[in-house]
Amino acid sequence: MECCDISHQIDIPSGSQKIVLAGNPNVGKSIFFNKFTGIYVAVSNYPGTTLDISSGMFNPENKDNDYVVLDTPGVYGVSSFNDEEAVARDVILAADAVVNIVDAVHLERDLFLTQQIIDMGIPVIVALNMMDEAERNGLKIDIDELSSELGVPVITTTAIKGEGLEEVKNSVDKSKVGNTIFNSDFLKEELDSLAEKINSRAEALLIMEGDPNVAEKNNRQALPHREKIYKKRRHRINNIIDSVISENGENSSLGSKIGHLMLKPLTGIPMLLATLYLLYELVGVFVAQTVVGITEETFFLEIYEPFIRGIVTPIIPIESFFGQLFVGEFGLFTMTVTYTFGLLLPLVAGFYFFLAILEDSGYMPRIAALVDRLLTSIGLNGRAIIPMLLGFGCVTMATITTRLLGSKRERIIATFLLGLAIPCSAQLGVIAGLIAPLGFEYFAIYVLTIFVVYVLAGTILNKVLPGKSTDLLIDIPPLRMPRLSNVLQKTYMKSKSFIKEAGPIFAIGALIITVMQETGMLTAIQNSLIPLTVGWLQLPKETATVFIMGIIRRDFGAAGLNSLSLTAIQTTVSLVVITLFVPCIAAMMTMFRERNWKEALFIWFGSWFTAFGVGGILAYLL
Amino acid sequence: MEAKITLSESMEDYLEAIFNLIKKNGSARVTDIANSLGIAASSVNQGLKKLNQQGLIKQQKYGPIKLTQSGVQAAEKVNCKHQILYLFLHKTLGVKPETADQDACSIEHVLSQESFEKMVDYLIKNNYIEEQSCAFKFMENEEEEKMAAKELMLASMSVGSKAEVLKIESKGRLKRKLMDMGLNRGARVEVKGKAPMGDPIEIKVRGYSLSLRQDEAAEILVKEV
């Protein structure tokens with residue numbers, strides 16, 4: 001039960017009326033949040049897009065009150081199955097009113113949560129979303145009947161087209177306490193008396209349903225009434241469904257047919273491979289070579305850098321310390337800017353663009369289901385494919401995403417594997433550039449080595465860490481055509497936040513390197529590493545600089561290899577070491593933040609050890 | 001509605017061999033099976049593993065092999081088809097006994113229920129078999145099976161079949177999550193597909209698609225509908 005402690009405290013703004021957006025995963029809560037507050041949060045077509053609680057203020061038209069809007073991770077029930085659910089539960093418990101977003105196509109599933117929130121005695125307003133899809137599927141829903149059965153207002157919406165959002169926004173004060181499942185039996189009596197004792201009907205219900213955390217918080221024993229309550233609730237939902245849905249057309253659109261093919265072994269695997277190949281063509285070939293060729297080489301190296309040197313050097317001589325610091329080899333205005341905007345930005349944007357399409361189309365959960373079996377063998381869950389794929393974009397970003405994994409154990413394994421064996425897009429571009437001229441043989445050696453290390457590390461961690469992979473239970477959303485505006489917006493937002501986060505750390509890294517070089521520390525470290533680089537890895541001693549730079553940014557390191565003249569074997573060994581070596585400082589800092597320092601240090605030293613160990617063995621074998 | 005376990009030809013051969021050995025010696029051992037089929041013991045072991053997974057046999061480590069109830073049924077069915085085919089070939093067409101036996105061996109695996117029933121009818125009409133023949137028991141069983149829906153685990157359902165949830169046998173959080181997601185008693189489910197290596201499976205429940213592992217599906221008792 002270690003995952004769901006009350007340690008997960010969230011800041012809930014006090015004072016104003018709290019409106020909580022709640023619903024099953026992937027029903028469009030984030031679009032509502034964007035609309036209500038004007039604050040952007042990522043919108044995708046995969047469950048688990050919202051990892052943190054976002055909050056924002058809004059003021060509906062013609063109303064005096066200010067409201068705080070809180071977004072929650074999607075859940076199927078208010079309980080504490082995992083961290084996500086515990087967070088959602090605590091926010092819902094604090095709500096003054098809940099806007100429950102319900103997927104009209106999956107009413108039968110979604111109303112279960114609606115009824116639970118109603119049973120908690122919290123005022124609710126239901127936004128019946130995805131009405132366009134419901135209509136396309138031939139569903140006829142009696143809205144008035146639904147509203148009177150539930151006892152709360154129901155507003156129909158099609159959030160992606162913006163329909164009905166304004167109405168929901170202006171109706172938040174019309175939310176009502178609905179009709180509960182409790183009429184006049186012993187459950188009602190018990191709930192009433194417990195609610196009076198602990199002064200919260202919502203918490204009383206959760207205790208009756210056997211929630212251990214809420215029971216502990218109130219110094220009470222969890223009660224064993226869940227089965228009875230659930231049965232009643234399900235029974236009631238079935239009755240409501242029967243009376244409000246009149247036509248239930250079977251969905252046999254082209255989308256659902258393709259969606260089905262994506263999961264079948266015979267068609268699913270080729271489709272996945274084709275997708276990954278497309279990703280490689282787009283990011284690995286088009287962006288990394290053509291686009292970066294223009295941005296980095298033609299623009300930044302040939303036009304921008306001479307230009308900025310031309311401005312700075314008349315004032316500060318390039319040989320001086322500050323000259324080196326600003327426009328030298330690792331200068332803040334030269335290398336930092338060139339790498340950040342010329343190399344990283346196009347790669348990261350290209351990657352996010354492709355990923356945004358995958359996310360919005362609904363393909364992601366299908367990939368997760370397809371690879372689940374493989375990932376369970378290294379102790380992970382199919383869901384881990386999301387951070388793993390993201391890792392090829394940016395390990396820092398991916399480390400944050402490991403939160404969507406269900407247990408601490410999986411988060412440790414995923415974080416370690418990300419730090420160890422997944423090269424980020426920036427690094428990949430440089431690696432691809434370095435290894436391609438060497439021929440297929442070395443490319444194969446590189447890929448095979450990394451792959452073997454990845455699988456071995458995962459298998460060992462799976463064996464060593466106690467516990468086993470968590471349940472899969474992932475819902476497969478219908479395929480949807482990605483909307484270009486959302487894809488572009490997401491690409492823009494993510495690229496921007498990446499540059500914002502990585503830029504400063506990048507600059508600090510360049511600063512440290514310049515200082516180390518000017519003070520002679522770099523030479524000293526290089527010399528002290530000679531036994532390791534020259535003796536063990538059989539590389540020239542300058543490669544030590546490359547490894548140190550690798551800590552600052554992994555691609556710095558890889559790019560640094562360009563300037564050394566290495567044999568094919570030496571290049572391959574260095575690339576393996578650099579890939580396995582610690583992730584960049586930004587990713588490291590994220591790991592310290594996401595995990596604790598003990599685990600982060602373990603990951604750090606673990607990857608050092610593996611990198612040099614494997615590199616040495618490879619150097620010896622080749 | 002044909003939703004029972006379909007066995008491959010070699011599996012049926014194994015089953016038949018085990019059935020006959022038990023009838024003859026009272027028990028069946030791996031070496032005996034290998035000898036009677038003329039194949040290596042290692043391939044027998046693999047076959048037995050599959051039969052075990054499908055719940056047709058029981059085997060204690062290194063102990064004799066026993067047929068489960070459904071194993072006996074399946075074996076009897078193959079055996080019976082063999083007998084009927086043999087009679088048909090030998091008695092009505094005049095095929096030599098050895099050839100008829102060999103051919104029956106090959107045809108028994110692919111013979112349809114319809115052809116089988118017609119053959120039985122024909123044999124009865126011409127007084128080649130009597131009312132006590134295995135065929136009647138077998139045909140009755142078939143009827144009964146059609147009438148009474150079988151209870152089985154969600155994991156062992158084949159793609160395209162539909163069922164109603166009877167019980168969730170897992171405990172604690174998993175159970176709660178499954179119930180939250182609408183998989184409780186009375187829920188209608190349909191198996192939509194299986195990923196590579198048969199795991200995970202995709203089911204349709206309460207109007208949406210859910211992907212879950214074999215292990216998880218193995219804890220959900222369902223009744224075919």
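## Salt bridges

The structure holds 25 salt bridges over all chains. A salt bridge here is a side-chain nitrogen of Lys or Arg within 4 Å of a carboxyl oxygen of Asp or Glu. This is a predicted model: local features need pLDDT of at least 70, side-chain atom pairs count only at pLDDT 80 or more, and totals for chains, interfaces and linings use all residues. Residues are numbered from 1 along each chain as its sequence is written, chains are lettered from A and ligands numbered from 1 in the order in which they are written, and side-chain values use heavy atoms, with hydrogens and water left out.

Side chains of opposite charge can pair when their charged atoms come close. Arg109(A) and Asp110(A) meet in such a bridge, at 2.9 Å from N to O. Arg109(A) is buried at 3% relative accessibility. Asp110(A) is buried too, at 2%. Buried means under 20% relative accessible area, exposed over 50%, and partly exposed in between (1.4 Å probe, protein chains only).

## Bridges within and between helices

Asp192(A) forms a salt bridge with Lys188(A); their closest N and O atoms are 3.3 Å apart. Both sit in helix H7 (residues 186-198) of chain A, 4 residues apart, so about one helical turn separates them. Helices (H or I, at least four residues) and strands (E, at least two) are DSSP runs, numbered from the N terminus. Asp192(A) is partly exposed, with a relative accessible area of 30%. Lys188(A) is partly exposed at 27%.

Glu359(A) and Lys490(A) make a salt bridge at 2.7 Å, N to O. Glu359(A) lies in helix H14 (residues 335-361) of chain A and Lys490(A) in helix H21 (residues 484-518) of chain A, so the pair ties together parts that are 131 residues apart in sequence. Glu359(A) and Lys490(A) are both buried. Elsewhere, salt bridges with shared partners join Asp119(A), Glu209(A), Arg233(A) and Arg176(B) into one network.

A nonpolar surface patch consists of Leu448(A), Phe451(A), Val452(A), Val455(A), Leu456(A), Ile460(A) and Val464(A). Together they have about 660 Å² of accessible area. Patches are made of residues with over 30% relative accessible area and no salt bridge; like charges are joined within 9 Å, nonpolar side chains (Val, Leu, Ile, Met, Phe, Trp, Tyr) within 5 Å. Accessible areas come from the Shrake-Rupley method with a 1.4 Å probe; for residues, only the protein chains shown count as cover. Leu448(A) lies in helix H20 (residues 440-464) of chain A. Its relative accessibility is 54%, so Leu448(A) counts as exposed.

Gln324(A) is found in helix H13 (residues 321-327) of chain A. Gln324(A) is buried, at 18% relative accessible area. Leaving out residues up to four places away in sequence, Gln324(A) touches Ile318(A), Glu319(A), Glu329(A), Gly331(A), Thr514(A), Gln517(A) and Glu518(A). Contact means heavy atoms within 4.5 Å.

## Chain B in totals

Chain B has 9 helices and 8 strands. Of its 225 residues, 45% count as buried. Among contacts in chain B with a separation of 6 or more, 57% come from residues 24 or more positions apart. The accessible surface of chain B comes to about 11,900 Å². Carbon and sulfur atoms hold 49% of that surface.

## A sheet across two chains

An open sheet is formed by 7 strands, in the order S9(A)-S7(B)-S6(B)-S5(B)-S4(B)-S8(B)-S3(B), with antiparallel pairing. Two strands pair if DSSP finds at least two bridges between them. Strand S9 (474-476) of chain A and strand S3 (151-153) of chain B stand at the edges, each with a single partner strand, so one side of each is left without a neighbour in the sheet. Neighbouring strands are turned by 40 degrees against each other on average, direction ignored. Axes are lines fitted to C-alpha atoms, for helices over the stretch in contact, and angles run from 0 to 180 degrees between N-to-C directions.

Strands S4 (residues 162-168) and S5 (residues 188-194) of chain B pair over 3 bridges, antiparallel. Lys162(B) stands opposite Glu190(B) in S5(B).

## Around strand S6(B)

Strand S6 (residues 201-205) of chain B is mostly covered, with 4 of its 5 residues buried. On one pairing, 5 antiparallel bridges join S5(B) to S6(B). Val189(B) has Val205(B) as its bridge partner in S6(B). The hairpin of S5(B) and S6(B) has 6 residues between the strands, and Met197(B) takes a positive phi near 65 degrees there.

S6(B) also pairs with strand S7 (residues 208-212) of chain B, antiparallel and over 5 bridges. Glu202(B) has Ser211(B) as its bridge partner in S7(B). In the hairpin of S6(B) and S7(B), with 2 residues between the strands, Arg206(B) takes a positive phi near 45 degrees.
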